[in-house]
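Q: Could you take a close look at the aromatic pairs in this model, and at the core and pockets around them? I would like the cut-offs spelled out as you go.

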Amino acid sequence: MPNIKLALTIEEMKLLEKEAEKEHLSVQDFIRYKLFSTRCSQIFTPEEAEHRALNKFQEEVLFSLPEVYGEEWGQLAPRMTGAFGKRFYHYLKRTHSSIVFVKMTPNRRRALYKIEKNSNETSNA
């Protein structure tokens, strides 16, 4: 896959991050959206993944993002799965969700998560 390097000032990067956040997109997805006028499906947001996981899995059960989405995972372009996984991971850290990262799979291709036992957020879901 081709890569493009883009040098930005700190101010430009902050503005780009702010605009991407307004659209609920990663910086990479925001740039693609602005260049090609196409968006990734709105079902692939960290908030949606968290909601689905909390409704689908019980406490202490390990799961990965493909298991959260089931067959719908195939709608996400393969080049986007890693970026979405990284966004989900950082979202969980930032929001102090009841879902926590546990470990990577043995092949290091997927992150495994669980819902922490006795979490306030789980009882409110």
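A: Happy to. Here, rings of Phe, Tyr and Trp (its six-membered ring) pair if their centres lie within 6.5 Å, and planes under 30 degrees apart count as stacked, over 60 as edge-to-face and the rest as tilted. This is a predicted model, in which local features need pLDDT of at least 70 and side-chain atom pairs count only at pLDDT 80 or more, while totals for chains, interfaces and linings use all residues. Residues are numbered from 1 along each chain as its sequence is written, and side-chain values use heavy atoms, with hydrogens and water left out.

By that rule, the structure holds eleven aromatic pairs. One of them joins W73 and F84, whose ring centres are 6.2 Å apart with planes at 45°, so this pair is tilted. The pair links distant parts of the chain, eleven residues apart: W73 sits in the loop between α4 (65-69) and α5 (78-95), and F84 in helix α5. Helices (H or I, at least four residues) and strands (E, at least two) are DSSP runs, numbered from the N terminus. W73 is buried at a relative accessible area of 13%, and F84 is buried at 4%; buried means under 20% relative accessible area, exposed over 50%, and partly exposed in between (1.4 Å probe, protein chains only).

Another pair is F101 with Y113: the ring centres are 6.0 Å apart and the planes at 75°, so the geometry is edge-to-face. F101 lies in strand β1 (residues 99-104) and Y113 in strand β2 (residues 111-115), so the pair ties together parts that are twelve residues apart in sequence. F101 is partly exposed, at 34% relative accessible area, whereas Y113 is buried at 2%. F101 and Y113 also belong to one aromatic cluster with F57, F63, F88 and Y89.

Back to F84 and its surroundings. Leaving out residues up to four places away in sequence, F84 touches F44, T45, P46, A49, L65, Y69, W73 and L76, where contact means heavy atoms within 4.5 Å.

R52 is itself buried, with a relative accessible area of 18%.

Finally, the open space. On a 1 Å grid over the protein atoms alone, a pocket is an open set of points where a 1.4 Å probe fits, with protein on both sides within 12 Å along at least five of seven lines; lining residues have an atom within 4 Å of a point. Grid points are joined across faces, edges and corners, and a volume is the space filled by probe spheres set on the points. About 460 Å³ of space lies in the second largest pocket. Of its 16 lining residues, E21, L25, S26, V27 and R87 are the closest to its centre. Helix α5 returns here, giving the largest share of that lining, six residues.
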